[in-house]
Amino acid sequence: KRSVIVVTQTCSMILSLTMAALVWSKLVQPWHIIVLAILGGVTMAFDMPARQSFVIEMTSREDLMNAISLNSSAFNCARIVGPSIAGFLMAQVGIAMCFLLDGLSFIAVIAGLLLMRLPKHSPIQSESSAIGQALEGFRYVWTHPRVLTILSLFAVVGVFGWSYSVLMPAFAHDVLHLGANGYGMLMAGSGVGALAAALTVASAGHILPTRIMALGGIGIFSASLALFAFTKNVYLGTLLLAIVGFGIVLYFSTSNTVLQSIVPDEMRGRVMGIWTLIFGGMIPLGSLQAGLMADFLGTPATIATGALICALAAAVTLMVIRRREAQLASAP
């Protein structure tokens, strides 16, 4: 898995540096962006499952829960903190420098991977083809209700909840009348909340019930996002986005941790591949539907609608879990 990650990180670095060169030279065209985005998506399709399941190889069973929590928290936190940093950098040093710094940041990641001293890996032998192994992963998910429930809720939140981040530039510009600095401040609020959630999961993830953390995270996210959708004050909006960031990362990190903890070693890579398919496929579809809805309903109403759908999905999930527990309790 380390070799796969090194290759994908190198490819990502090349793509970022290429984009920086195109923007700097003022030669960038829409088709350049589309091609680089497609190549980036292909790279991510290989990188994310390998990186998620690689955590298991770097830690002991005793520290597995904390390791998964830290990895998941850092991953989701970075997705929110990154745009906040980019917002400030765009206003101060320009877009080309943002891509250049992004490309150079991969050097430290690649160096860290190459310096790792890992225990000898014994690959699990399988007679199935690559397609057969992928189908085994889907069969496993379909026949294990707990895993299916986690991934189903993750898909709904990814499509209707995470898409709020795509609408943030339009909300900042059209509703709050902010420039790049104001947008950066809003996303910084999300970053602070995400960091708080990351620390919460890493430090208290083994103490608090995972159900409360996951579904509570969606509740916090949905309520604060619905309030944010109708705010007109930038400072109140920043505070609410901090709570939004806290809730979404609390949910994502907890659900990721539970998913990897309950899946057996031989199926973890395949299940995380499905997780990546949802994350890399359904969330972009959510961005598309959010843009279309914003054209008809407006940005605030679209954000509020997404928050409501996430809250309803969490309520339905809780009902499903309780019904399944009741059936197991009544079984002989």
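How do α9 and α12 run relative to each other, roughly parallel or roughly antiparallel? Select residues 210–228 for α9 and 299–330 for α12: the two helices pack at an angle of about 160 degrees, with axes 8 Å apart. They are therefore roughly antiparallel (angles over 145 degrees count as that, and under 35 as roughly parallel). Helices here are DSSP runs of H or I, at least four residues, numbered from the N terminus. Axes are lines fitted to C-alpha atoms over the stretch in contact, and angles run from 0 to 180 degrees between N-to-C directions.

A word on the source: this is a predicted model, where local features need pLDDT of at least 70 and side-chain atom pairs pLDDT 80 or more, while totals for chains, interfaces and linings use all residues. Residues are numbered from 1 along each chain as its sequence is written, and side-chain values use heavy atoms, leaving out hydrogens and water.

Next, show the side chains between the pair. On the α9 side, pick R211, L215, I218, F221, S222, L225 and A226; among their partners in α12 are I303, C310, L318 and E325. Contact means heavy atoms within 4.5 Å.

Now jump to L259. Leaving aside neighbours within four places in sequence, L259 is in contact with V147, I150, L151, V271, M272 and W275. L259 and M168 have the most contacts inside the largest nonpolar core, which has 61 residues. Such a core is a set of buried Ala, Val, Leu, Ile, Met, Phe, Trp, Tyr and Cys residues joined through side-chain atoms within 4.5 Å; buried means under 20% relative accessible area with a 1.4 Å probe, protein chains only.

Last stop: M13, F106, I110 and L113, included in a second, separate core of 8 residues.

Notes:
Angles under 35 degrees count as roughly parallel, over 145 as roughly antiparallel, 65 to 115 as roughly perpendicular and the rest as oblique. Buried means under 20% relative accessible area, exposed over 50%, partly exposed in between (1.4 Å probe, protein chains only).
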